[in-house]
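Hello,

Here is the structure I promised to pass on to you. Have a look at it first, and then read my notes below.

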Amino acid sequence: MVQLFVSHISEEKDVAILLKDMMEEDFLGMVEFFASSDVGTIELGVQWLEAVERAIAKADAVIVLCSKASVQRPWVQFEIGAAWIKGLPIIPVCHSGMNPTDLATPLKDYEGADLGSGDGLLALYQMIGRRLKLQRTPVPGAAWLARLAELLSLPQDDCVQFEYYMDIVLPAPGRLGGPSLPDNAVVEMGADTKRLFGLISRGSLTWKSVVEAVAPSLDKRWLTELQKSIHLASNDREFVPIQAVFHAGGTKGSFQPQLAKLEVFRRGARRFHVHLVPTVVAPLFDVPGDLGLLVTLLRLGLRFRYEAIENYWKMSRGFKPDKGRLDALGCAIEVIETDARSRGAQNFEPGEVVALFEPGADQDEMRAIQATWETVRATLFQEPPPTAADMDDAIEALATMNLRFMHLGTKRFHEMVNVLWARPARPVRLAA
């Protein structure tokens with residue numbers, strides 16, 4: 001008796017069940033299958049994962065149904081890993097356009113069969129026959145071959161993912177000791193996402209591959225923020241949304257990473273799903289210097305009004321504790337400043353900002369605004385923390401400062417646009 005475990009995805013259960021029925025009959029009961037999607041294989045009330053683990057523990061070999069969809073799925077990878085650890089023979093069985101030569105390591109290192117070829121099923125029978133040490137291996141009947149051909153000719157249930165993404169997998173215990181991913185952390189991404197990074201590797205990559213791919217980028221702040229978020233999430237702690245932007249270069253666009261999902265596996269490994277959301281905000285270095293810096297400052301001022309000042313007033317009306325308001329305010333300031341820097345404004349030097357404005361009263365006003373900001377910021381983050389009254393006074397000062405800056409900045413923006421974008425009117429050629 002040979003016990004075979006069939007690893008497959010749910011969309012391919014019909015192929016798995018057909019192979020099970022076919023080989024159990026042709027091998028006269030000397031082959032026993034376990035297919036996770038075959039409900040009759042699992043006793044009522046038994047946990048699915050526990051049944052899978054027991055089946056792999058008893059198996060003599062593992063058959064892996066390989067298609068372009070299945071080889072990317074985490075549970076198939078998990079079952080292959082379990083078989084490899086146990087030292088079981090692994091038999092890749094390809095179908096639906098996937099060939100053994102298309103497989104990535106480690107599956108490509110094993111002898112496989114192609115159900116789509118004329119001799120594929122016969123090769124699989126012969127592998128099982130050698131395992132059973134049979135004098136004569138049965139041959140699949142014409143009826144079975146016809147049913148298999150019909151099944152494989154049906155359109156596959158395709159899964160189309162309309163997003164750029166990367167999945168970062170940490171082995172057990174799946175927790176980071178600090179805000180830094182190991183170079184050998186497994187990274188999985190679709191073909192479209194690989195093109196964003198200029199990568200053509202098949203199969204899984206490593207975090208080192210991603211870091212090296214973006215090394216020429218002018219702004220890699222998103223790498224730091226993403227690792228910080230994963231560190232916090234891996235230790236079951238809250239994290240703030242990532243503000244930095246990944247500029248893919250050329251005409252590929254800019255993308256804001258979002259840590260969207262965490263999967264925790266039974267043995268402790270963790271998978272972090274990161275969306276790369278297209279953003280229409282251009283990097284600052286694509287905009288003429290002074291204008292780009294001013295636009296970034298105005299964007300910062302707008303966000304500061306609603307995410308820091310207005311939000312503080314809402315929390316005050318909700319009687320949120322002093323420490324809660326202070327922590328939220330500090331977090332908002334950090335998020336907004338990181339967002340500004342991620343657009344390419346790496347240095348908000350006081351002298352550079354003042355120089356954006358016309359000499360005289362406007363520059364004096366800007367210096368006064370900067371002095372107010374430094375004083376208020378020091379008050380908010382001093383030790384010991386400010387009292388509730390001090391916090392309220394600081395917010396009132398920030399609101400006044402924000403209004404003064406937005407008035408001054410928008411006036412200067414209007415002046416700069418009139419100068420930079422002014423051009424002689426072009427004659428319009430009318431159609432005859």
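A word on terms before the tour: a residue is called buried under 20% relative accessible area, exposed over 50%, and partly exposed in between, using a 1.4 Å probe and protein chains only. Please keep in mind that this is a predicted model, in which local features need pLDDT of at least 70, side-chain atom pairs count only at pLDDT 80 or more, and totals for chains, interfaces and linings use all residues. Residues are numbered from 1 along each chain as its sequence is written, and side-chain values use heavy atoms, with hydrogens and water left out.

First, the chain as a whole. Its secondary structure comes to 13 helices and 11 strands; these are DSSP runs numbered from the N terminus, with at least four residues (H or I) for a helix and at least two (E) for a strand. Of the 432 residues in the protein chain, 43% are buried. Taking contacts (heavy atoms within 4.5 Å) between residues at least 6 apart in sequence, 66% join residues at least 24 apart.

Next, the sheet. Six strands form an open sheet in the order β8-β7-β6-β11-β10-β9, with antiparallel pairing; two strands count as paired if DSSP finds at least two bridges between them. β8 (205-206) and β9 (246-247) are at the edges with a single partner strand each, so one side of each has no neighbour in the sheet. Strand β7 (residues 186-188) pairs with β8 over 2 bridges, and there Val-186 stands opposite Thr-206.

Because 7 of its 10 residues are buried, β11 is largely enclosed by the rest of the structure. Helix α8 (residues 221-234) lies across β6 (164-170), β9, β10 (254-264) and β11 (270-279), and runs at about 145° to β11. That angle is taken between N-to-C directions on a scale from 0 to 180 degrees, with axes fitted to C-alpha atoms, for helices over the stretch in contact.

Now the charged pairs. The structure holds 19 salt bridges, each a side-chain nitrogen of Lys or Arg within 4 Å of a carboxyl oxygen of Asp or Glu. One of them joins Arg-175 and Asp-236, with the closest N and O atoms 3.1 Å apart. Arg-175 sits in the loop between β6 and β7 and Asp-236 in the loop between α8 and β9, so this pair ties together parts that are 61 residues apart in sequence. Arg-175 is partly exposed at 39% relative accessible area, while Asp-236 is exposed at 56%.

Another salt bridge runs between Arg-325 and Asp-392, at 3.7 Å between the closest N and O atoms. It links helix α10 (residues 322-342), which holds Arg-325, with helix α13 (residues 388-420), which holds Asp-392, 67 residues apart. Arg-325 is buried at 7% relative accessibility, and Asp-392 is partly exposed at 34%. Salt bridges with shared partners also join Asp-167, Glu-188, Glu-263 and Arg-271 into one network. Within that group, Arg-271 and Glu-263 meet at 3.8 Å, N to O; Arg-271 is buried at 5%, and Glu-263 is partly exposed at 25%.

Best wishes
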